[in-house]
Amino acid sequence: MRPVGSLIPPLLTLALGVAVVVISMSLPPGGLSADPGPGSLPRMVGIALILLSIYLLFKREPHERLPRGEGAVRLVLTLVLTLGYILTMRPLGFLTSTAVFLAALMVVIGLRRPLVIIGLSILLSAGVYGLFRYGLEVPLPATRIGSVTL
């Protein structure tokens, strides 16, 4: 028999997926057939979360334990960093908060080369920003660098 605690992650993922789909339905539809609208991407992500959570609910595998020691510390740090990222997105803007979040996360997972950490966090942040801002035309929280607002 499967421990009740092992049902919590897939059920939370299912609830998140349903919430994302429901909220994405309130976003305006696209104007043309080539323009799916701002709700399409979140809706697809929500559906993927729902499908993956259903898979996890029925997947049979040996009893898994929560990480201990260093693994538990990394898990808690990742959760704290994610919460901090969410809370700093609006005041600091997307680029700054994302770059800092990614750099800190790289340190947590064990990357120790400062130039690689700085370079990757800046490149990934700028790449995601460019994809959303210019490719998908989705505005992200503004980042202020000196007198320039991005």
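Visitor: Is serine 121 buried or exposed?
Guide: Buried means under 20% relative accessible area, exposed over 50%, partly exposed in between (1.4 Å probe, protein chains only). Serine 121 has a relative accessible area of 4%, so serine 121 is buried. This is a predicted model: local features need pLDDT of at least 70, side-chain atom pairs count only at pLDDT 80 or more, and totals for chains, interfaces and linings use all residues. Residues are numbered from 1 along each chain as its sequence is written, and side-chain values use heavy atoms, with hydrogens and water left out.

Visitor: Which residues does serine 121 touch?
Guide: Contact means heavy atoms within 4.5 Å. Not counting residues up to four places away in sequence, serine 121 touches Ala99, Leu102, Ala103 and Met106.

Visitor: How many aromatic pairs are there in the whole structure?
Guide: Rings of Phe, Tyr and Trp (its six-membered ring) pair if their centres lie within 6.5 Å; planes under 30 degrees apart count as stacked, over 60 as edge-to-face and the rest as tilted. The search finds three pairs. In one of them, tyrosine 129 and tyrosine 134 have ring centres 6.4 Å apart and planes at 80°, so the pair is edge-to-face. Tyrosine 129 is buried at 8% relative accessibility; tyrosine 134 is exposed at 60%. Phe94, Tyr129 and Tyr134 form one aromatic cluster.

Visitor: How are two packed helices described?
Guide: By the angle between their axes and the distance between the axes. Axes are lines fitted to C-alpha atoms, for helices over the stretch in contact, and angles run from 0 to 180 degrees between N-to-C directions. Here the axes of helix H3 (residues 70-92) and helix H4 (residues 94-109) come within 8 Å and cross at roughly 170°. Helices are DSSP runs (H or I, at least four residues), numbered from the N terminus.

Technical notes:
Helices (H or I, at least four residues) and strands (E, at least two) are DSSP runs, numbered from the N terminus.
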